[in-house]
Amino acid sequence: MFRKLTGGVAIAAVLLAAGVANAQDFTAQALSDGIRVISADEFQGRYPGTEGERMTLEWLQAQYEAMGLQPGALNGQWLQRVELKRYTPVAGATASWTGPDGAVHPLTVGTDITLRAVTNDGRASIRDAAVVFAGYGITAPERNWDDYGDLDVRGKVVVVIAGEPDGDLFNGEYATNYQSGAYKADEAFRRGAVGVITLLAQPASSPAWQGTVRASSRTRTLTPGAADLEFSGVVNHDTAHGWATAAGLSMDTLANTASGQFKAVELTGVKLSVDASETIDTLVTHNLLAKIEGSARPNETIIYSAHWDHVGGEAQHPGVEGDKIWNGAWDNASGTIGVLEMARQLSQAPRPQRTIVFAHMAAEEMGLLGAYAYAADPVYPLETTVADINIDMLPLSPSTRDIAIFGKGQNDLEDRLEALATPLGRYVSDDGMPEQGFYYRSDHFPFARAGVPALMPWHGWDWVEGGREVGEAAWRTKFAADYHKPSDEWSADLDFTSAVENLTLLYRLGLDLANGTDWPGWKPTSEFGQVRDRSAAARR
């Protein structure tokens, strides 16, 4: 087993012995030192918009300047401004529907329906919009699945079922992006709908409905680049039953959605009117970008990303007893310093042909919002972004045989990583926790959602000494003890051996991409391939 704080030298020697050019000397000491700085109490848990943000970004900028890297944001700046809009419902929202007979049926907001205005000005006003039931609201050509069929939904309200069909057609234990409300809203908006309503197949008296109502009253931060619908909402079984009956349809007809043969149907004669408004306040935060500009094809970009933020301190957790600062050493000071050290090593290699960007994303803990903001307003065109390699929570363990990734089976970046790992006796595995939906929970995902092949390495469980049983037990113990807890602090005892191993492989992967001419692609069953295909002309 590699010794702590010496793993970088050892793994570099192994790579060089295997004949791999340009192996770099990542060291556990450098990782430890950097993590210790930005996870200190003085950084206040690195919450966006606080003094902790200013200190973190100032320190990172100084590191990049000392390396001689260029600022990577627009107009020679280091920072990309991110404005996060927080919406709070105003009391008094109204809704009603009209049936084929012209009778008006008032809906009680909070009992029959929930409403959220999602427009930029926080106001939604819809009059007599036709209503369409679109099943799961999924169009997945790679799975021969299309809930919409030929139905025109322009100017209409689309009702969808939450989630996705069960079974292997939709990736078995691992969820796909099609299950997300954001995807369903995007698809409906792309087709011209003015609002999306999710059907919760529970009565108004159910605990599930009551929980939905409570959630609908909370302040929420709008995801940058979200579908520009007028409103979103949820209806329960009772309301949906009334609409279906008025349109002459049975609930059984509407429930026949999992066969793959269902096509969207308009609820004939049913018209919906809604009025809702929300107050808006804005939180300003920042992404930090540095770059090594490509020598031959500078407009083609590889991005290494990591979020710099964590969940804050006493101001964000009032009334907490004991330790009042969530330091976030593992999550994600470790990934932040991983990207910083990646830049340090790549800056010492011959200048690459493509541009390499080192992106420190804001507000990941608030919902990947800094990365979504970047994807909505990219500094480097997404069409010619070759790949995103995201680092969130470096593995803190001894050597592992496997390098685990989120989203195994999504794109061929994993095949390229496997080719680099195999000569070292290593292999690529999945994350082993399908119930967590990890592929959709870190900053690589907004890139993937926009069609950019994205890779998110994780924590291997197959320890060289002890095997999978020991490694999995150790991981689960640490995750339960420290994830999003004040105990996530720097310690001199942290083991960076596996982190150094993985960073060395990710260095080689990024450098190969940066000096290559081809483009990684999505696998035939991936839901993101159709998005990438829309911009294929830009890569010819």
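Modeller: The account below begins with the helix contacts and then moves to the pockets and a cavity.

This is a predicted model, in which local features need pLDDT of at least 70 and side-chain atom pairs count only at pLDDT 80 or more, while totals for chains, interfaces and linings use all residues. Residues are numbered from 1 along each chain as its sequence is written, and side-chain values use heavy atoms, with hydrogens and water left out.

Two packed helices are described by the angle between their axes and the distance between the axes. Helix α8, residues 329-346, packs against helix α2, residues 28-38, at an angle of about 125°, and the two axes are 9 Å apart. Helices (H or I, at least four residues) and strands (E, at least two) are DSSP runs numbered from the N terminus. Axes are lines fitted to C-alpha atoms, for helices over the stretch in contact, with angles from 0 to 180 degrees between N-to-C directions. Helices α2 and α8 are therefore oblique to each other; angles under 35 degrees count as roughly parallel, over 145 as roughly antiparallel, 65 to 115 as roughly perpendicular and the rest as oblique. On the α2 side, Ala30, Leu31, Gly34, Ile35 and Ile38 make the contact, defined as heavy atoms within 4.5 Å. They meet Ala329, Ala333, Ser334, Thr336, Ile337, Gly338 and Glu341 of α8. By class, the residues of this α2-α8 contact are seven nonpolar, four polar and one charged. Here Ala, Val, Leu, Ile, Met, Phe, Trp, Tyr, Cys and Pro count as nonpolar, Asp, Glu, Lys and Arg as charged, and the others, Gly among them, as polar.

Helix α8 also packs with helix α3, residues 51-67, at an angle of about 15° and with axes 10 Å apart. Helices α3 and α8 are therefore roughly parallel to each other, and α3 passes α8 in a right-handed crossing. From α3 come Trp59, Leu60, Gln63, Tyr64 and Met67, and from α8 come Thr336, Ile337, Val339, Leu340, Ala343 and Arg344. The residues of the α3-α8 contact comprise eight nonpolar, two polar and one charged.

Two backbone details deserve attention. A cis peptide bond, with omega of about 5°, joins aspartate 331 and asparagine 332, and asparagine 332 has its place in helix α8. Asparagine 75 is a residue other than glycine with a positive phi, near 55°, and is found in the loop between β1 (70-71) and β2 (79-89).

Leu413, Arg416, Leu417, Leu420 and Ala421 of α10 contact Leu505, Leu506, Arg508, Leu509, Asp512 and Leu513 of α13. The residues of this α10-α13 contact are eight nonpolar, no polar and three charged.

The spaces come next. On a 1 Å grid over the protein atoms alone, a cavity is a set of points where a 1.4 Å probe fits but cannot get out, a pocket is an open set with protein on both sides within 12 Å along at least five of seven lines, and lining residues have an atom within 4 Å of a point. Grid points are joined across faces, edges and corners, and a volume is the space filled by probe spheres set on the points.

The largest pocket holds about 1000 Å³ of space. Its lining has 33 residues, and Gly181, Ala182, Ala185, Arg220 and Ser232 are the closest to its centre. By class, the lining of the largest pocket is 16 nonpolar, 13 polar and four charged residues.

The second largest pocket, of about 680 Å³, is lined by 28 residues, with Asp186, Arg449, Ala450, Val531 and Arg534 nearest its centre. The largest share of that lining, five residues, comes from α4.

Two cavities of 30 Å³ or more are counted. The second largest cavity, of about 50 Å³, is lined by residues including Trp458, Asn502 and Leu506.

Methods. A crossing is left-handed if the near helix is turned anticlockwise from the far one by less than a right angle, and right-handed if clockwise.
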